[in-house]
Amino acid sequence: MHTIALYDSRFSYTPGAWGLGDILFQDGTYNLSLQGNWWMYNINGVSAMLGYDAQKVTDGDLIKWGDERCGLMDENYNYTWTTPIQPVALPAASTEVFDGIVGTDGCQAIAYNDAAILGWATNCTIERGPQNIASNPAPAAYGTESAGIGASSTSTTDAVSLGDGGKATLTFGMPISNGEGYDFAVFENSLNHTFLELAFVEVSSDGEHFYRFPSVSNSALTSQVGNGGSVDATKLNNLSGKYMVGWGTPFDLAELDGFSNLDINNITHVRLVDVVGSINPEYGTTDMNGHIINDPYPTNFESCGFDLSGVAVMNGWTPSGLESHDNTVRFSVYPNPCTDIVVVSNLDDNLPIVVTNILGKQLQVMESYNHSCQLNMSDYPAGVYFIKVGNITQKIIKR
């Protein structure tokens with residue numbers, strides 16, 4: 001719910017005494033107001049109170065239970081509120097193009113032997129998922145937890161498989177902190193540039209509250225990517241497993257700045273959650289836009305799902321395709337992070353102000369007037385951007 005509220009301004013909620021409280025969703029077309037405590041969130045299946053006949057609910061439905069004012073009572077005096085919640089239209093899938101495979105212009109991949117790597121995970125705990133969430137409950141069985149510890153390599157066999165929806169939680173000798181650039185990288189063992197088994201990435205500074213990087217998958221849903229199928233890396237962002245073996249997917253902690261229970265300068269845990277790549281909504285998983293993620297499925301064998309081979313600590317790394325940041329900044333950018341309008345002040349007049357994305361693509365150019373300028377960022381997807389004035393560049397986070 002934290003993540004939804006952060007990235008979708010239409011949605012808000014309040015904590016309840018025992019979980020989720022009031023829910024509001026307003027966008028001018030749909031205006032939903034649900035009040036009170038005792039909300040439950042359903043994923044993939046049926047929901048009912050003890051003793052009450054199970055009723056089919058849709059993936060993602062919110063169900064409320066409480067006292068007799070809520071609805072139907074079962075034989076054990078539990079009550080289920082059955083009023084349907086009107087679904088709202090999801091935002092359209094993003095059409096943004098991201099960096100591509102290793103060797104292409106602007107690629108952000110981190111080599112396993114990059115000199116900027118400061119260290120690796122020192123402990124790994126695995127919760128295996130099934131080999132096929134739809135038909136085969138046998139858990140993934142390839143590799144051991146030790147494969148997630150220490151340095152990665154170009155070996156495709158030195159990895160541990162998570163299975164459908166499986167998890168890996170990693171800790172480190174010292175906390176990861178936010179620096180200027182990428183802060184850590186996750187390595188998978190893909191045999192090539194296109195057989196990409198993906199995972200969500202979450203971080204925590206207390207081992208209890210985890211926050212997920214906002215991921216994007218623009219892959220087509222017209223047909224299922226099967227075992228041996230291909231995934232286009234330019235359709236993916238903030239999903240680990242984007243590159244072939246020996247190359248890690250980098251993550252910038254600045255993207256998660258602002259959560260009350262997260263200290264981005266003291267990250268103690270990194271958690272990976274396998275993407276169930278089925279395009280069947282009963283089993284599949286979605287990106288930050290509610291778009292189903294299509295990756296190889298089913299992979300009905302012991303080495304199924306995301307295959308972890310290491311997590312590297314960077315504590316700030318700037319891709320070679322971007323200029324290094326100048327520490328003698330002579331202009332101000334606020335608010336940062338932003339949602340729509342950004343003010344750039346303390347400028348010399350007639351200097352161009354250039355906005356680029358993380359791949360270096362120029363998005364807009366303006367000139368200052370009376371030593372300041374206003375930039376409209378409202379149409380840009382959430383992520384990291386750069387504002388350049390003369391030879392000086394500053395990073396800004398868009399939510």
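Predicted model: local features only at pLDDT ≥ 70, side-chain atom pairs only at ≥ 80, totals over all residues.
Reader: What share of the residues is buried, and what makes a residue count as buried?

Author: Of the 399 residues in the chain, 46% are buried. The cut-off is a relative accessible area under 20%.

Reader: What share of the contacts joins residues at least 24 apart in sequence?

Author: The share is 67%, counted among contacts between residues at least 6 apart in sequence.

Reader: How confident is the predictor in the chain?

Author: The mean pLDDT is 81. A value of 70 or more is reached by 76% of the residues. Among the elements, strand β17 (residues 184-188) has the highest mean, 98. Strand β5 (residues 45-47) has the lowest, 42. Over residues 81-88 the pLDDT is below 50, and this stretch has 16 contacts in the model beyond near neighbours in sequence. Residues 321-329 also have pLDDT below 50, with 16 such contacts.

Reader: What is the strand order in the open sheet of five strands?

Author: The order is β12-β16-β23-β18-β19, and the pairing is antiparallel.

Reader: Why do β12 and β19 stand at the edges?

Author: β12 (123-127) and β19 (211-212) each have a single partner strand, so one side of each is left without a neighbour in the sheet.

Reader: How do you know that β12 and β16 pair?

Author: Pairing needs at least two bridges between the strands. β12 and β16 (residues 167-176) have five bridges, in the antiparallel sense, so they count as paired. On these strands, C124 stands opposite L170 in β16.

Reader: What is the strand order in the open sheet of four strands?

Author: This sheet runs β28-β27-β30-β31, with antiparallel pairing. β28 (362-367) and β31 (392-398) are the edge strands, each pairing on one side only. On average, neighbouring strands of this sheet are turned by 20° against each other, direction ignored.

Reader: What makes β27 and β30 a pair?

Author: The requirement is at least two bridges. β27 (residues 352-357) and β30 (residues 383-389) have five, in the antiparallel sense. They are therefore a pair. I353 has V389 in β30 as its bridge partner.

Reader: Why is N189 called buried?

Author: Its relative accessible area is 10%. The cut-off for buried is under 20%, so N189 is buried. N189 lies in the loop between β17 and β18 (199-204).

Reader: What does N189 contact beyond its neighbours within four places in sequence?

Author: N189 is in contact with S155, T156, A159, V245 and D307. Its side chain reaches the backbone oxygen of T156 at 2.7 Å.

Reader: What is the phi of N238, and where does N238 lie?

Author: N238 has a positive phi of about 55° although it is not a glycine. N238 lies in the loop between β21 (236-237) and β22 (247-251). The relative accessible area of N238 is 7%. Buried means under 20%, so N238 is buried.

Reader: Which residues does the cis peptide bond join?

Author: The bond joins Y297 and P298, with omega about -5°. P298 is found in the loop between β23 (267-274) and β24 (307-313).

Definitions and conventions
Residues numbered from 1 in each chain as written. Heavy atoms only, no water. Buried < 20%, exposed > 50% of the residue type's maximum accessible area, 1.4 Å probe, protein only. Contact = heavy atoms within 4.5 Å. Helix = DSSP H or I, 4+ residues; strand = E, 2+ residues; numbered from the N terminus. Axes fitted to C-alpha atoms, helices over the stretch in contact; angles between N-to-C directions. pLDDT = per-residue confidence, 0-100. Polar contact = N/O pair within 3.5 Å; in protein donor to acceptor, adjacent residues only side chain to side chain.
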